[in-house]
Amino acid sequence: MSQPKKIGLALAGGGPLGAIYEVGALCALEEAIDGLDFTACDGYIGVSAGGFIAAGLANGMTPRQLCAAFIENTAEAPDRFDPAELLQPAWAEFSERLRLLPGLLADAAREVMLEGRSMLGAVERLGRMLPTGLLSSERFGAALARVFSEPGRSNDFRTLRRHLVLVATDLDSGDAVPFGTKGWDHVPIAQAVQASAALPGLFPPVEIDGRHYVDGALKKTLHASVLLDRGLDLLICLNPLVPYESNRLSPRDARSRKARKLAHKLGRPAVRALQPRIHRLVDGGLPLVLSQTFRSLIHSRLALGLKGYERTHPRTAIMLFEPDPRDAEIFLANTFSYGQRRRLAEHAYQATRELLRERAATLKPQFARAGLRLREDVLADREARLLPVPGETRMESALRSLRGSLSVLEARRPPVAA
């Protein structure tokens, strides 16, 4: 009898948008791949926002449960997570910096008036009063600790049933720190998530054992070697941030454009509105220029890292899933917005299903080598959704479900012999 294959999951960061994309993509992948259970992987590694999702999965929360808690955010959800937890001002940090102001002003005045130093040097000294982060992650960490303390879960790496690693960066040394590995497993999981996701400028560094930690993505995009050294057969990687190709339409938008033209010709309502596109990113101003720059840096490091992993761990199949670089809807979304999370999660779910359909011929043998099966009959259901259609009646929902079931049955029917 053959040994079960060892499967690992590596989740990169990308702010709230990254977490939203990963939830939608994980739901699509698990539903379409027979034998894949994201709560039963051999190991998990999460960086930044990916650490939040990885910690939930390692604690036995299914992608659908994460969706209910994080995306749908309904009052009935037992693990309901309020996104407002991440939007609390860092009052303690502001107070601490203001406390330093009198001393800094006195030092700056002394340097200029008595020591003859330049005003520029004085301004530089006053820069120390600026807060290291605008938002506090304390309530976020407390909410995670509450969720991970539920029966059957753990906020302690050492008692967790699955191997979990969350990577942060030591601010004073620049070293990547793998919380969850030996010597770093005494730190509570919720606090490790906080540290890994502490994006400089947005959240203050997280103090742990007298050291300060920030976002794990400062060193690498995935840090997957920590898992690969466990002798995996398959490593599934999700990366939410890719550089945008503004001069090309995605296949989905190209089909929508044709469908809209046909609908217009036939006098019918349009099927789907196209996301407005920016053909020259410079026209979008500084935010889009910075977003494209950041995405390009992150992605180039990821590409180099994956090539290195293939060379150092040739026996492990590595599969990367990420948004289509021509996807305007993902690129133009506000990276730190929660207001559109339902629409973006649904978009990620549908885009991942479409990617699986388009790459089925290539992906099927890769999954098969890991003991998994890509279910093309499930992917044939074009009516499948991650979330309910807003305003849809029960009758409309039943008809949509029936159409989906018929398409699945049609896909399962064996071909008729000639």
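# A guided look at a predicted model

Visitor: Is Cys27 buried or exposed?
Guide: In this predicted model, the relative accessibility of Cys27 is 1%. The cut-off for burial is under 20%. Cys27 therefore counts as buried.

Visitor: How many disulfides does the count come to?
Guide: A disulfide is a covalent bond between the sulfur atoms of two cysteines. To be counted here, two cysteine sulfur atoms must lie within 2.5 Å. By this rule, the number of disulfides is zero.

Visitor: Which cysteine has the sulfur nearest to that of Cys27?
Guide: Cys27 takes part in no disulfide. The nearest cysteine sulfur is 5.2 Å away, against a cut-off of 2.5 Å. That sulfur belongs to Cys67.

Visitor: And Cys41, is that residue buried or exposed?
Guide: Its relative accessible area comes to 3%. Burial needs a value under 20%, so Cys41 is buried.

Visitor: How many residues of strand E10 are buried?
Guide: Let's take the strand, residues 234-238, one face at a time. On one side, Leu234, Ile236 and Leu238 are buried, and on the other Leu235 and Cys237 are buried too. Strand E10 is largely enclosed by the rest of the structure because its buried residues number five of the five.

Visitor: Which residue in E10 stands opposite Leu9?
Guide: Strand E1, residues 7-11, pairs with E10 in the parallel sense, over five bridges. Within E10, the residue opposite Leu9 is Ile236.

Visitor: What is the bridge partner of Leu238 in E11?
Guide: Strand E11 covers residues 317-321 and runs parallel to E10, with five bridges joining the two. In E11, the partner of Leu238 is Phe321.

Visitor: Stepping back, what share of the residues of the protein chain counts as buried?
Guide: The protein chain has 15 helices and 12 strands. It exposes about 21300 Å², with carbon and sulfur atoms supplying 57% of that area. Of its 418 residues, the share counted as buried is 46%.

Visitor: How many aromatic pairs does the count come to?
Guide: Two rings pair if their centres lie within 6.5 Å. By this rule, the number of aromatic pairs is six.

Visitor: What kind of pair do the rings of Phe179 and Trp184 make?
Guide: Their centres are 5.8 Å apart and their planes stand at 90°. Phe179 is buried, at 0% relative accessible area, while Trp184 is partly exposed at 31%. Planes over 60 degrees apart meet the cut-off, so the pair is edge-to-face.

Visitor: How many residues apart in sequence are the parts that Phe179 and Tyr213 tie together?
Guide: These two rings also form an edge-to-face pair, since their centres are 5.3 Å apart and their planes are at 75°. Both Phe179 and Tyr213 are buried. Phe179 lies in strand E7 (residues 176-179) and Tyr213 in strand E9 (residues 211-215), so the separation in sequence of the parts tied together is 34 residues.

Visitor: Which residue has its backbone nitrogen 2.9 Å from a polar atom of the side chain of Asn155?
Guide: Asn155 sits in the loop between helix H6 (138-148) and strand E6 (163-170). Leaving aside neighbours within four places in sequence, its contacts include Phe148, Pro188 and Ile189. The backbone nitrogen 2.9 Å from that side-chain polar atom is the one of Ala190.

Note on methods. Residues numbered from 1 in each chain as written. Predicted model: local features only at pLDDT ≥ 70, side-chain atom pairs only at ≥ 80, totals over all residues. Heavy atoms only, no water. Buried < 20%, exposed > 50% of the residue type's maximum accessible area, 1.4 Å probe, protein only. Helix = DSSP H or I, 4+ residues; strand = E, 2+ residues; numbered from the N terminus. Pairing = 2+ DSSP bridges. Areas by Shrake-Rupley, 256 points an atom, 1.4 Å probe, with all protein chains shown as cover. Phe/Tyr/Trp six-rings, centres within 6.5 Å; stacked < 30°, edge-to-face > 60°. Polar contact = N/O pair within 3.5 Å; in protein donor to acceptor, adjacent residues only side chain to side chain. Contact = heavy atoms within 4.5 Å.
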